[in-house]
Amino acid sequence: MSVSSVSLSRLIRETTLQLVFEAKASHIGGALSMVDILAVLYEEVLQIDPRQPQSPERDRFLLSKGHACTSLYSTLAIKGFFDLNELKTYSANGSRLLSHTSHKVPGIELSTGSLGHALSVSCGLALAAKRKRKAFHTFCLVSDGELNEGSNWEGILFAPHHKLNNLTLIVDFNKIQSFGTVEEVLNLDPLTSKFEAFGWNVVDIDGHNHEEIYLALVKAKSSADKPTVIVANTVKGKGVSFMENRLLWHYKSPSQDEYNLALKEIKG
Amino acid sequence: MRTAFINQLIIEARQNPKIFLIVGDLGFSVVEPFAEEFPDRFLNAGIAEQNMTGIAAGLAMEGYTVFTYSIANFPTLRCMEQIRYDVCYHNLDVKIVAVGAGYAYASLGPSHHATEDIGMLRTLPNLTIVSPADPVEARKLTTELCNIPGPAYIRLGKAGEPQIHNDEADIQRGIPVKVLDGKGTAVFSTGSIVKYALDYIAANKKDWALYSFPYLKPLHNESLIEVFNQFENFITIEEHQLNAGFGSLILEKANDLFQAGKIQKFPGIKRIGIEDEFISVAGTQDYIREKAGLLLSKVP
């Protein structure tokens, strides 16, 4: 944990909010719920050089919930993977900043947007590292809603069987999916027990507490023989009081007044 | 064909350390020699084709040339979106191998009839599609796929298909292979049903030419123009739905070449294929083919 990851998270939230407001984009709720995880990953944990985003030794980070890409693009731009000014082109004609995560953008490993894909690809990356005796670690972040997809459970079965201790799955467990709460739509409870039964190291944390996120990620990186899942309990829309825990902000773009208010809250 | 494929893959893997084989818990008595010789480059992903294809994409991102192997529709239709989005969109070096093209697993029923795969897969950008007619084509195409980077699909028959070509047959990317000379009419076919066409033409003393199409994608215009200009009538026969299949591909090509002024006359093309139906009775491959109307006797 460091002060810098906290200040980075504030900057990511501010940048994301501005980007979503200016582009009249959606999915800000799920983008904000994973900001603290991104801040700790990119500030403290991932071994990635923004100037050499394709270095073979880099850690791999795959965002499976591609619709929440605004906070990842913001993080990458702030960290210097590409020019911050490019964020202004988000979703505009001809921009490579598609509104679902695009691998044409420096620092993005895999395009996502259809849910339930990145964990399997992450298993392939982790398996390749094992077979080639490479030291990099693969991190994959999924949403809770996308755990409805059966393909994820194929991967959840696969990773422990092959002792992929170089793979860490992070669940952004904000409890709200596309059309209702997770509990209402397709209940995942008891989620931690499910992962334990499948043979994973399970760490249950507050997904907004930077110290807990940091310790969980560092511990996951040194797991002896199992993959680790970090069930990060988060709040959809975290950081903006009127967006928190509200399904509406899966879709809505802030008005000028809402933007001003949100920005004030984020800046504190 | 599957034996020709695996034997050739082993030969290639001995000289190419990038080759990796993943099976979807299938390949009993076929893939074991590969698994034994290259344990570090073999994986049984279990009965989980979506995950298998995603894993293949991940391995390919790390520099492997990955073959996914299963039967009928399982490595293709079952995981169509992983093929489209993970493999083809990212243009990764993943080769999909399906054994049991058409009605090869006839009596196993429609679950095992691979009769819509060409139609679905040929819409995908970046994907090469090959469809060998005999063990010679299977062997040469396997070598080709090992050496051309990017996504590909190889549609294999089963085992024990007779050899059509001699061992030295020239199989080139995107080009049909002449099997028989003839006059007036040319038969176009692909996959193991080419042998049926060959036998039919001989038995009925037809003066028809016969072309095998090992490549469905890409299919180069130059060689097609030459053949279209050489004959009056054309017959396509395929072990696949007529909708969006091989005959449709030929029709599309003919139309586009005609529109572009590359051929002067629109060729007359009689298409033989499955007429928008499932076959739900048991039987041998020959029986089910006949039941589906895959018969050259339809043409006078």
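Two strands are taken to pair if DSSP finds at least two bridges between them, and helices (H or I, at least four residues) and strands (E, at least two) are DSSP runs numbered from the N terminus. The structure is a predicted model, in which local features need pLDDT of at least 70, side-chain atom pairs count only at pLDDT 80 or more, and totals for chains, interfaces and linings use all residues. Residues are numbered from 1 along each chain as its sequence is written, chains are lettered from A and ligands numbered from 1 in the order in which they are written, and side-chain values use heavy atoms, with hydrogens and water left out.

In chain A, strand β3 (residues 167-173) and strand β7 (residues 228-233) run parallel and are joined by 6 bridges, with Val171(A) standing opposite Val231(A) of β7(A). These strands belong to an open sheet of 5 strands, paired in parallel, whose order is β1-β2-β3-β7-β6. Because β1 (60-63) and β6 (201-206) of chain A stand at the edges, each with a single partner strand, one side of each is left without a neighbour in the sheet. From one strand to the next the twist averages 20°, where axes are lines fitted to C-alpha atoms, for helices over the stretch in contact, and angles run from 0 to 180 degrees between N-to-C directions.

Burial is expressed through relative accessible area (buried under 20%, exposed over 50%, partly exposed in between; 1.4 Å probe, protein chains only). For strand β2 (residues 138-143) of chain A, 6 of the 6 residues are buried, so the strand is largely enclosed by the rest of the structure. Thr138(A), Cys140(A) and Val142(A) point one way from β2(A), Phe139(A), Leu141(A) and Ser143(A) point the other way, and all are buried. β2(A) pairs in the parallel sense with β1(A) over 4 bridges, Phe139(A) being the bridge partner of Phe61(A), and in the parallel sense with β3(A) over 6 bridges, where Cys140(A) faces Leu169(A).

The hydrophobic packing is described in terms of nonpolar cores (sets of buried Ala, Val, Leu, Ile, Met, Phe, Trp, Tyr and Cys residues joined through side-chain atoms within 4.5 Å). The largest such core has 76 residues, of which Leu147(A), Phe195(A), Ile22(B), Leu59(B), Phe188(B), Phe213(B) and Phe228(B) touch the most other members. Its largest share, 8 residues, comes from helix α5 (residues 118-131) of chain A. Domain 1 (2-156) and domain 2 (177-298) of chain B both give residues to this core, so it lies between them; the domain bounds come from an automatic or database domain assignment. A second, separate core comprises 53 residues, including Leu19(A), Leu32(A), Leu76(A) and Ile170(A).

The centres of domain 1 and domain 2 of chain B, taken over C-alpha atoms, are separated by 25 Å. Their contact (heavy atoms within 4.5 Å) takes 30 residues from domain 1 and 32 residues from domain 2 of chain B. Leaving aside neighbours within four places in sequence, the contacts of Phe188(B) include Tyr211(B), Phe213(B), Phe228(B) and Ile250(B). On the same criterion, Asn152(A) is in contact with Gly116(A), Leu119(A), Val142(A), Glu146(A) and Leu147(A); Asn152(A) lies in helix α6 (residues 150-161) of chain A and is buried, with a relative accessible area of 0%.

In helix α7 (residues 193-203) of chain B, Ile193(B), Val194(B), Ala197(B), Leu198(B), Tyr200(B) and Ile201(B) are buried. Seen down the axis of α7(B), these buried residues fall within an arc of 165°, so they line one face of the helix, the arc being that of the directions from the helix axis to the C-beta atoms. They pack against β7 (177-180), β8 (185-189), β9 (209-212), β11 (233-241) and α10 (285-291) of chain B, whereas Ala202(B) and Ala203(B), on the other side of α7(B), are exposed.

Several backbone features were also identified. Most residues other than glycine have a negative phi, and most peptide bonds are trans. The peptide bond from Asp189(A) to Pro190(A) is cis, with omega near -5°, and Pro190(A) lies in the loop between α7 (182-185) and α8 (191-197) of chain A. The bond from Lys217(B) to Pro218(B) is likewise cis, with omega near 5°. Arg133(A), which is not a glycine, has a positive phi of about 55° and is exposed, with a relative accessible area of 68%.
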